[in-house]
Amino acid sequence: MTRPRPGRPAQLDRERIVDAALSAGNLDTLTMRELAARLGVTHGALYRWVANRDALFDLVSEVVLDRVLPEEGPPRRSWRPWLAKVAWAMHDQFLAVPGYASRLSRPHRHNADSFGRLHTEVVAAFTNAGVSPELAEQSWYIFITCTVSWLAVRENPLDLGPDAPRFELFLDTLLRGLPAREPS
């Protein structure tokens with residue numbers, strides 16, 4: 001027979017923390033104190049679960065990227081439709097969390113549980129299609145930096161003209177340029 005542990009039951013868990021962060025408004029400007037207040041706990045209690053804002057962002061990234069990656073991994077040959085599906089999911093999921101793409105576009109360390117999975121699957125999509133590992137890696141860099149940068153600009157519009165940028169045009173142009181090739 002298992003005895004219940006003494007003390008109060010835990011008020012926090014990963015899901016509650018991530019849900020509160022995702023519904024908080026702008027993730028890029030959310031403070032740990034604001035998040036603790038949303039959760040109804042002290043900021044000290046929150047820090048026992050999440051060491052800092054970077055760790056919070058990693059937790060959120062794990063959840064967001066679970067929503068982005070298709071259940072079926074990259075196909076053996078035809079990578080473009082699969083990568084377009086991933087890019088559209090990034091578009092929808094990243095822009096659904098205000099401040100996410102902006103925060104992501106700034107340099108910081110990502111944990112292997114979040115972007116490591118995306119990296120592995122995108123590189124595999126290219127290598128499955130016969131692209132060398134080195135150029136598949138370069139294609140990943142091009143894909144992720146271009147896509148995240150486009151989404152960050154969408155969150156923080158630049159006054160570049162009267163028409164709103166269109167993701168389908170951006171994505172079509174990007175995918176036609178991939179995979180990376182050695183310059184001639």
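Where is the place of Pro-179? I found Pro-179 in the segment after α9.

**Basis.** I worked from a predicted model, in which local features need pLDDT of at least 70, side-chain atom pairs count only at pLDDT 80 or more, and totals for chains, interfaces and linings use all residues. Residues are numbered from 1 along each chain as its sequence is written, and side-chain values use heavy atoms, with hydrogens and water left out.

**Overall.** I noted nine helices and zero strands in the protein; helices (H or I, at least four residues) and strands (E, at least two) are DSSP runs, numbered from the N terminus. Along the principal axes, the C-alpha atoms fill a box of roughly 70 × 50 × 25 Å. I recorded 42% of the 184 residues as buried, where buried means under 20% relative accessible area, exposed over 50%, and partly exposed in between (1.4 Å probe, protein chains only). Among contacts (heavy atoms within 4.5 Å) with a separation of 6 or more, 71% come from residues 24 or more positions apart.

**Helix α8.** I checked the length of α8, residues 133–155. At 1.5 Å a residue, its 23 residues should span 33 Å, and the end C-alpha atoms are 33 Å apart, which agrees; the expected span is 1.5 Å times one less than the number of residues. I listed its buried residues, including Trp-140, Phe-143, Ile-144, Thr-147, Val-148, Trp-150 and Leu-151. Their cover includes α5 (79–95), α6 (100–105), α7 (112–128) and α9 (167–177).

**Core.** I looked up the largest nonpolar core, which has 61 residues. Such a core is a set of buried Ala, Val, Leu, Ile, Met, Phe, Trp, Tyr and Cys residues joined through side-chain atoms within 4.5 Å. Met-90, Phe-94, Tyr-100 and Leu-118 touch the most other members. Leaving aside neighbours within four places in sequence, the contacts of Met-90 include Val-68, Leu-118, Phe-143, Ile-144, Thr-147, Val-148 and Leu-151.

**Arg-176.** Is Arg-176 buried or exposed? I found Arg-176 in helix α9, exposed, with a relative accessible area of 56%. Not counting residues up to four places away in sequence, Arg-176 touches Arg-80 and Arg-181. The C-alpha atoms of Arg-176 and Arg-80 are separated by 8.7 Å, although the two residues are 96 residues apart along the chain. I also noted a polar contact of 2.9 Å between the side chains of Arg-176 and Asp-172; the term denotes a pair of N or O atoms within 3.5 Å, and within protein one must be able to donate a hydrogen and the other to accept it, while residues adjacent in sequence count only if both atoms are side-chain atoms.

**Pro-179 again.** I recorded a cis peptide bond between Leu-178 and Pro-179, with omega about -5°. Most peptide bonds are trans.
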